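Look at the structure below before reading on.

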Amino acid sequence: MCDPRPMWNTLPMTVRDVVLQIAQVGFTIGAAPLIQGCIVQFEERVQRGRGPGIFQPYRDLWKLFHKQIVVPETASWLFWIAPVVAFVCMMTVPMLIPVLTNFPLPLSNMGDILGGGLILTLGSFMITLAGLDSGSAYGGIGSSRSAIISILAEPTLILVFVGITLFARSMLPFVVNHLLVAKPAVYLGPAHLFLVAAFFILLTVETDKLPIHSSTHIEVYMIEEARILEYSGPLYGLLKWASMMKQFVLYTIFCNVLALPWFMSSRGLAVGVIGAGIAVIVKFVLVAGAIVVVDTIQSRLRFYRYQEPLAASFLLAVLAIISTQIG
Amino acid sequence: MTAFHASPVVASIFSLIAIASLLLAFVMLGSRWMRHYLMAFAAQSWLIAILSASVGYIDRYPELYVIAILTALFRGLLLPYLLLRIVRRMNVEREIVPVLQPSSSLVIGAISVVFALAVAEHIGTSLDLSSKVVILALTVMLSMKLIGYLMLAARHEAVSQVLGLLVLENGIFLGTQILVPGMPMLLELVILFDLLIVVVCFGVLVRYLMGQVGSTSTLHLRRLVG
């Protein structure tokens, strides 16, 4: 595969493409709470509960944005800036990856997969700092836990990216998407399947669904939630929204780049884009179903077994790289 | 020896089966429960049986069908059943004191796969074997042997040690199915009965351990008597 960068850099920037790029970001902002709502609803249904309905996250956000902000006395400017940075990071990443269209749009060449990963990590780094900022015990414990887990998850993520680069000969997500659609042999090859499995484990780590996480608000088990315990009102809403968008972005990378690269708009027509949006929702609901099943049948582990799923994911990535070297 | 110049589709099927059985070896390495070891071992044996049947179909060795059926019956059903009986009777559900944590043994296993790849590439270049399938078979064979040795060294329940031996043997068998598919059938039968003897011997050993020491862990075998 030749390097497609020069060709894509010379594309004329049309109004349509700018509109499409804005639509990608807007779609991420708008549809992220819907996916979260679907996951929560599925979990409740699987556990024979009734569930709050798939639109509950929108109502929650509406409620939070109409509340007052309470700020701890010990908090510094970091406390104010972290939610904004996190939210903006999650708005930036959808520009770099194929959300609706399978061809690059204006500013898509700002960064490759590694750049997207950097910005995703920057967002959660700021939240970790904000958790430490106010000096409360829960923020500290949440920040240290999420730091240790991301220290172990990051090398695997890099290995997955290396594996993608080795089989696609490119780090651009669009090239990977085109390659997987064009060549079913590559799609069914062991390298790709192992990368999908490794990334699936990373997906559960990054979206707070690892079997050591707790979805309920019990302080002993909290990881991601403990970092933002001090926030309230619109700032809390912003953080919630940012974490839903992070989940949406990771699902996008998983589906549109690795696992289900089909049904994307390839010409940028309005019909195609709307169809791609519906297809994205369907794909995400499928992945959410898989995540919920894994989350339900896997029993909770104690916290100090956090390294086991990550070691498994590391191993899968190593096997994928080995099989790209051979196959 | 058509495995050396197989068509791409056949090559991808072979590599998928080989890598899936390597993955099952890792399942054994990363778990703590005896029952998971046994299930993974049985699944691995079934995969190897499918592999030898497909090699027999593609390369037209009719005796490989018999070997596939024997593999599935012996390694896929009989040996796991015998081991399961030992596990049930002795009530050893899991490794009580792991010498190596599952996660670190997984990482060591991954390193050994990389080492096996390096060795296989070296063998491939020195013997002028350019075929990808051959390199893959060599890699999987060597790394399953290394994983078997690791299980023998890092586990001390007698049952998981015999499973380490069986994984080692499965690796060699998988390699021979791809590299030298026309092996005499008598040899295969001898190996299968050898395995049966290994399992029976370990059964006796486990009973002896239970009677003398009161546990099935080989950690208690410290004194050399003779």
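**Rings and helices**

Phe200(A) and Phe254(A) are both buried, meaning under 20% relative accessible area, where exposed is over 50% and partly exposed lies in between (1.4 Å probe, protein chains only). This is a predicted model, in which local features need pLDDT of at least 70 and side-chain atom pairs count only at pLDDT 80 or more, while totals for chains, interfaces and linings use all residues. Residues are numbered from 1 along each chain as its sequence is written, chains are lettered from A and ligands numbered from 1 in the order in which they are written, and side-chain values use heavy atoms, with hydrogens and water left out.

Over all chains there are eleven aromatic pairs; rings of Phe, Tyr and Trp (its six-membered ring) pair if their centres lie within 6.5 Å, and planes under 30 degrees apart count as stacked, over 60 as edge-to-face and the rest as tilted. Phe200(A) and Phe254(A) form a tilted pair, 5.9 Å centre to centre with 50° between the planes. Phe200(A) lies in helix H9 of chain A and Phe254(A) in helix H11 (residues 233-259) of chain A, so the pair ties together parts 54 residues apart in sequence. Helices here are DSSP runs (H or I, at least four residues), numbered from the N terminus. In H9(A), 14 of the 17 residues are buried.

In chain B, the ring centres of Phe74(B) and Phe193(B) are 5.5 Å apart and the planes stand at 75°, so this pair is edge-to-face. Phe74(B) is buried, at 15% relative accessible area, whereas Phe193(B) is partly exposed, at 44%.

Definitions and conventions:
Helices (H or I, at least four residues) and strands (E, at least two) are DSSP runs, numbered from the N terminus.
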